[in-house]
Amino acid sequence: MLPTCVAMILFIAVPIVSIFIQSLFIEHKKELIEIERCDPFGCETEVGVDIEAFAALNKEKPLGRFNGFKTYTDRNHLAFNELTEGWKNSKTFGEFSKNFMNLPFYKALIFTLTYTFFVTPSVIFLGFILALSINALIQKIKGPIIFATILPMIVTPLVGSLVLFWMIDAQGIIGATIQDLFNDPYLSLKASIKLTWITLITYGIWHHAPFAFIVFYAALQTVPQDPIEAAIIDGANRWQRIRHVVIPHLFPVAVFIALISMMDNIRVFEPIIGFSAEASAQSFSWLIYNDLRNIEVMNFGSAASTSILTIIMVGILLTPVLIKTWREFGESR
Amino acid sequence: MATLADKKSKKLLIINSIFILAWLIIAAFPFIWTFLGSFKVREDFFSRSDWWYVISGFHTIIETGGRYTLNAFREAWIEGEFWYAARNSVIVTFFVVTISLFLGTLGGYALSRSPYRYAFWILIAALVFRAMPHITLVSGYLFPFFQLNIWGILPTTIIVLVAINQPFTLWLLYSFFKTVPKELDESGMIDGCSHFQAFRYIIMPVMWPGVITAGLFSLMLAYNDFTVTAMLLSYENHTMVPKLASYLGTNQHEGNMMWAVSSVVSATAPLFMVVMFFQKQIISGLTTGAVKG
C-alpha cells in the first residue's frame with residue numbers, strides 16, 4: 001500500500017502544488033536597452049531586448065518574477081477589469097454578453113459547461129435505451145453486437161474524432177452529401193460556431209454512450225425477477241414495468257455513470273484537436289494546451305492559473321457526489 | 001429479463017431491431033469506412049466529386065494500377081517513421097501496465113484488508129485525483145521536468161502515466177479484492193503463514209481475473225494517451241497517437257493526410273484485436289465499480 005500512496009502523492013498531489021506555485025509567477029520582463037551599432041557608414045542606436053540579461057535572469061530565477069494573484073485576474077483568466085468595464089460601457093445586455101464571450105476564459109467556461117450538460121444526460125438516456133434493446137435480443141448474436149457497440153469507446157478520442165471528421169468534412173462522404181442536399185458548396189462544419197458545437201456534442205455522445213450502455217447492461221442482469229412477475233400479474237404493461245420496477249433499480253447506477261461521465265466531459269480536449277475546431281470551441285484543457293504547446297514560449301504562469309481554476313471548477317461540480325459517496329462508505333463500515 | 005410471461009409483440013421487436021441496426025451503423029461504420037479508405041490514394045478518400053471513389057478506387061487505379069494500394073502504409077511507416085513511434089508505444093504500454101499492476105495489486109489488497117479509517121481517505125483521494133483533467137497535471141510536471149532536464153524521454157512519461165492510471169487501478173482492484181473472502185487468507189494465517197506468504201500462496205492464485213481486467217484498462221490508457229505523451233515527449237520520442245496527430249499538419253492539402261489515415265488504421269487494429277479477445281473482462285471491469293453504486 002505504501003508504494004501506491006507515495007506514487008499517488010508524489011505524482012498527483014505534488015504537481016497540483018507545483019502548478020499553484022507556478023501560477024503565482026509570470027515570465028520576466030524583457031529589459032529594453034539601447035545598443036549602438038557601428039558600421040562603416042556611421043553609428044546608430046537601436047532599442048532592443050537585452051537578451052543576455054534576460055537569459056541570466058531566467059537562469060537565476062527560472063520561475064520568473066512574482067506576480068501574486070494578478071495572473072488570475074488578467075484578461076486571459078477571470079478578467080475582472082474587463083468585466084466591470086464592459087458592464088459599465090455596454091448599454092444593452094446583448095452587447096455585454098458579446099464582450100463577455102470574447103474573453104477566453106469565459107468562452108471556454110461556457111463551452112465546457114454546455115458540452116458537459118448536453119452530453120451527460122444524452123449519454124445516460126441513449127445508453128439506457130441501448131441496454132434495454134440489446135438485452136432483449138437472443139443470446140447468440142449478443143456478443144458481436146456488444147463488440148461493435150463498444151468500438152467508439154475503446155479508441156482514443158483523437159482517433160475517434162478524426163475518423164468522424166474525415167467523413168463529415170467537405171470532402172468526406174457525409175459532408176459532401178449534405179452539401180449536395182442543400183445545394184450549398186460552402187456549407188461546412190467550420191462555417192458556423194453552432195454547427196461546430198453540435199458536431200462536438202454529437203461526437204461526445206457517440207464516444208461515451210457505449211460506456212453507459214455497458215454499465216446499464218450489466219446492471220440489468222441483476223434486476224430481480226420477482227417484482228417484474230408480480231407487476232405482470234397485476235397487469236402492468238411493458239412501459240409501466242420499466243418505469244416502476246427497472247428504473248428505480250437502476251437509479252444508483254445512473255448516478256455512477258453521471259459522475260464518471262461528468263469527470264470525462266469536463267476535460268474535453270482531444271476532439272477539439274481532431275475536429276480542428278479550436279477557432280469556435282475552446283475548453284479549459286485546450287486553453288492550457290495552447291499556453292504550453294510552443295516550446296519556445298511557454299506561458300507556465302498562465303497555464304498554471306487556468307489549471308487551478310479548472311481544478312476548483314471540478315471540485316465544485318463533484319462535491320455533491322463526493323459527499324454522497326462519503327456517507328455511503330461511512331455507513332457500510 | 002426474458003421471463004415466461006414476457007411475450008414480445010411483433011411491432012416492438014421490429015422497432016427494436018431497426019434501432020439496434022441504426023446504432024450499429026453509427027457505431028461501426030466510420031471505422032469500416034476509414035479502413036477501406038486507407039488502401040486508396042488521397043484523391044479517392046478525400047474526393048469532392050464522388051464518394052463512391054472510396055469503394056471503386058477511381059484515382060487509385062489511375063495512379064497505381066490496382067484497386068488497392070499499400071502506399072499510404074508504406075510511406076507512413078518508413079518515411080514518416082511510424083515504426084519508431086510504434087516501438088515507443090510498445091515500450092510505454094508494457095512498462096505502464098507492469099508497474100501499475102504491481103503497485104495496484106499490493107495497494108488494492110492492502111486497502112481491502114485494512115481495518116483503519118485512513119484506508120477510506122486514500123480511496124476518496126484516489127477518486128478526487130481520478131477527476132483531475134490530465135492536462136492540469138501535465139502542466140504541473142512540465143516546469144520541474146524542464147528544470148531537472150528529464151523532459152522528453154520515455155521513463156518520465158511512463159512514471160507519469162502510471163501515476164495518472166493509479167487511482168482507477170486502485171479502485172478496480174480494491175473492489176475486486178473485496179469480493180475475495182477474508183476467511184481465505186485468515187485461514188492461511190491461522191495455519192502459520194505470514195502476511196506476505198498469505199498473499200503469495202493464497203491470494204495470488206485467485207487474483208488473476210481481477211488483475212487481467214485492471215491490466216487491460218492500464219493498457220488502453222497507456223496506448224491511447226495523447227495529452228501526456230504529446231506534452232511530455234520530445235518529437236523524436238513520440239508514441240503513436242501524438243505521432244499521427246503531427247501528420248495532420250495545418251491544412252488538409254498537405255500530402256501527409258493519407259499517412260494519418262493509414263496510421264489511424266495501424267494504431268486501432270491491434271486495439272480492436274485485444275478487445276475482441278478480452279471483451280468479457282473489459283465489461284466486467286467496467287461494471288465492478290458500478291454494481292456497488
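Biologist: Leaving aside neighbours within four places in sequence, which residues is S89(B) in contact with in this predicted model?
Modeller: The model is predicted, so contacts are read from its computed coordinates. S89(B) sits in helix 6 of chain B. Set aside the neighbours within four places in sequence, and the contacts of S89(B) are Y223(B), T239(B) and M240(B).

Biologist: Does S89(B) count as buried or exposed?
Modeller: A residue is buried if 20 or more other C-beta atoms lie within 10 Å of its own. S89(B) has 24 C-beta neighbours inside 10 Å, so S89(B) counts as buried.

Biologist: How many Å apart in space are S89(B) and T229(B), C-alpha to C-alpha?
Modeller: Along the chain, S89(B) and T229(B) are 140 residues apart. In space, C-alpha to C-alpha, the two are 9.8 Å apart.

Biologist: What share of the contacts in chain B between residues at least 6 apart in sequence join residues at least 24 apart?
Modeller: Chain B has 15 helices and 0 strands. Take its contacts between residues at least 6 apart in sequence; the share joining residues at least 24 apart is 71%.

Biologist: Which residues of helix 5 of chain B are buried?
Modeller: Helix 5 of chain B covers residues 71-79. On the other side of this helix, R74(B), I78(B) and E79(B) are exposed. The buried ones are A72(B), F73(B) and A76(B).

Biologist: Why do A72(B), F73(B) and A76(B) count as being on the same side of helix 5 of chain B?
Modeller: Look at the directions around the helix axis. The buried residues A72(B), F73(B) and A76(B) are on the same side of helix 5 of chain B because they cover an arc of only 100°.

Biologist: Which residue with a positive phi follows helix 5 of chain B?
Modeller: Step past the end of the helix. The phi there is positive, near 55°, and the residue is E81(B).

Biologist: Which element of chain B has the highest mean pLDDT?
Modeller: Chain B as a whole has a mean pLDDT of 77, with 87% of its residues at 70 or more. Among its elements, helix 3 (residues 53-56) has the lowest mean, 69. The highest mean, 86, belongs to helix 6 (residues 82-113) of chain B.

Biologist: Over which residues of chain B does pLDDT stay under 50?
Modeller: Where pLDDT is low, the predicted coordinates should not be read in detail. The model has 10 contacts beyond four places in sequence for this stretch. The stretch of chain B under 50 is residues 1-6.

Biologist: How far apart are the C-alpha centres of domain 1 and domain 2 of chain B?
Modeller: Chain B is divided into domain 1 (10-69) and domain 2 (75-291). Across the divide, 8 residues of domain 1 are in contact with 7 residues of domain 2. The C-alpha centres of these domains of chain B lie apart by 33 Å.

Biologist: In chain B, which helix gives the most to the side of domain 1 that touches domain 2?
Modeller: Helix 1 (10-37) and helix 2 (42-45) of chain B each supply at least two residues of that side. Its residues divide into 4 nonpolar, 3 polar and 1 charged. The most, with 3 residues, comes from helix 1 of chain B.

Biologist: How many residues does the largest nonpolar core have?
Modeller: Those with the most contacts inside this core are A212(A), V215(A), F216(A), L161(B) and V264(B). The core draws at least three residues from each of domain 1 and domain 2 of chain B.

Biologist: On the side of chain A that touches chain B, how many residues are nonpolar?
Modeller: The contact takes 78 residues from chain A and 74 residues from chain B. On the chain A side, 14 are polar and 4 are charged. The nonpolar residues there number 60.

Biologist: Leaving aside neighbours within four places in sequence, which chain B residue is E270(A) in contact with?
Modeller: E270(A) lies in helix 13 (residues 270-274) of chain A. With 26 C-beta neighbours inside 10 Å, E270(A) counts as buried. Beyond four places in sequence, its contacts include P157(A), L158(A) and S161(A) in chain A, and in chain B F226(B).

Notes: Residues are numbered from 1 along each chain as its sequence is written. Chains are lettered from A and ligands numbered from 1 in the order in which they are written. This is a predicted model: local features need pLDDT of at least 70, side-chain atom pairs count only at pLDDT 80 or more; totals for chains, interfaces and linings use all residues. Two residues are in contact if their C-beta atoms, placed from the backbone, lie within 7 Å. Ala, Val, Leu, Ile, Met, Phe, Trp, Tyr, Cys and Pro count as nonpolar, Asp, Glu, Lys and Arg as charged, and the others, Gly among them, as polar. Helices (H or I, at least four residues) and strands (E, at least two) are DSSP runs, numbered from the N terminus. pLDDT is the predictor's confidence in each residue, from 0 to 100. Domain bounds come from an automatic or database domain assignment. A nonpolar core is a set of buried Ala, Val, Leu, Ile, Met, Phe, Trp, Tyr and Cys residues joined through C-beta atoms within 7 Å. A residue is buried if 20 or more other C-beta atoms lie within 10 Å of its own, exposed if 12 or fewer, and partly exposed in between; C-beta atoms are placed from the backbone. The arc is that of the directions from the helix axis to the C-beta atoms.
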